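Please look at the sequence and the structure shown below. The paragraphs that follow lead from one residue to the wider fold and then to the groups of side chains inside it.

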Amino acid sequence: MLGFSAFALVACQSTPDTQPVAYPQPVAEPQPAPTAVAAPAPVPSNSAALDQTVAVVPPAKGVPAKYAAFSGIWAGQLNGMYDGKLAVLTVSQGGQVTVSYAWGDLADNKPGVADGSGRIAGNTLKLGRLPNGADITATMPSPGTLSVTYALAGQTYTGAFVRVSQ
């Protein structure tokens, strides 16, 4: 019995042959380089710019779809070179509208904005004369597109506009 106790004692006091196991450290995943966030491009000073407070009021439920389709902000070019933006702000059940129209450099006219009102008949929106003296007609040949005619000081400009926001 004494021999067994001595063996057990020696076994308890002996050092293990193995070294502590070193586990590999995790390798960090490569991180993508930070991407630069592009600032919005500045609007050229000769471009059409609506007042930032312009707000389109969604048409009420009783407004016929053919009238409601005109609601929103539309943008395009007249004669392929003159920027224009038409914001149809409100549309009533009877087709009456309120608008804000912005133009960029237009012949001898510097950029500006004019508010007005008009009426939709069929697929055509006819505005009353704007304070700057312009007459505007916008016909919707297909959903999401307006054919705009802008007449001012004996000159007539035409172009296609598309809806850019509701």
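Serine 71 is placed in the loop between α2 (65-68) and β1 (72-78); helices (H or I, at least four residues) and strands (E, at least two) are DSSP runs, numbered from the N terminus. The model is a predicted one, in which local features need pLDDT of at least 70 and side-chain atom pairs count only at pLDDT 80 or more, while totals for chains, interfaces and linings use all residues. Residues are numbered from 1 along each chain as its sequence is written, and side-chain values use heavy atoms, with hydrogens and water left out.

Is serine 71 buried or exposed? Serine 71 counts as buried because its relative accessibility is 4%; buried means under 20% relative accessible area, exposed over 50%, and partly exposed in between, with a 1.4 Å probe and protein chains only. Not counting residues up to four places away in sequence, serine 71 touches Val56, Val57, Pro59, Val88, Val91, Arg163 and Gln166, where contact means heavy atoms within 4.5 Å.

The strands may be considered next. Eight of them form a closed barrel, in the order β1-β2-β3-β4-β5-β6-β7-β8, with antiparallel pairing; two strands pair if DSSP finds at least two bridges between them. From one strand to the next, the twist averages 30°, given that axes are lines fitted to C-alpha atoms, for helices over the stretch in contact, and angles run from 0 to 180 degrees between N-to-C directions.

Lysine 126 stands opposite threonine 137 in β6, and threonine 124 is opposite threonine 139 in β6. Six bridges join β6 to β7, which also run antiparallel. Here serine 142 stands opposite threonine 145 in β7. β6 and β7 form a hairpin with two residues between them, and glycine 144 in the turn has a positive phi of about 85°.

In soluble globular proteins, nonpolar side chains tend to be buried together. The largest nonpolar core has 28 residues, and those with the most contacts inside it are Leu86, Tyr101, Leu125, Leu146 and Tyr150. A nonpolar core is a set of buried Ala, Val, Leu, Ile, Met, Phe, Trp, Tyr and Cys residues joined through side-chain atoms within 4.5 Å. Among the elements that give two or more residues to this core are β2 (82-91), β7 (145-152) and β8 (155-165). A second, separate core of seven residues includes Val56, Ala87, Leu89 and Ala102.

The structure also holds four aromatic pairs. Rings of Phe, Tyr and Trp (its six-membered ring) pair if their centres lie within 6.5 Å; planes under 30 degrees apart count as stacked, over 60 as edge-to-face and the rest as tilted. The pair of tyrosine 82 and tyrosine 157 is edge-to-face because the ring centres are 5.6 Å apart and the planes are at 85°. Tyrosine 82 lies in strand β2 and tyrosine 157 in strand β8, so the pair ties together parts that are 75 residues apart in sequence. Both tyrosine 82 and tyrosine 157 are buried. Tyrosine 101 and tryptophan 103 form a stacked pair, 6.4 Å centre to centre with 20° between the planes. Ring pairs link Tyr82, Tyr101, Trp103, Tyr150 and Tyr157 into a cluster.
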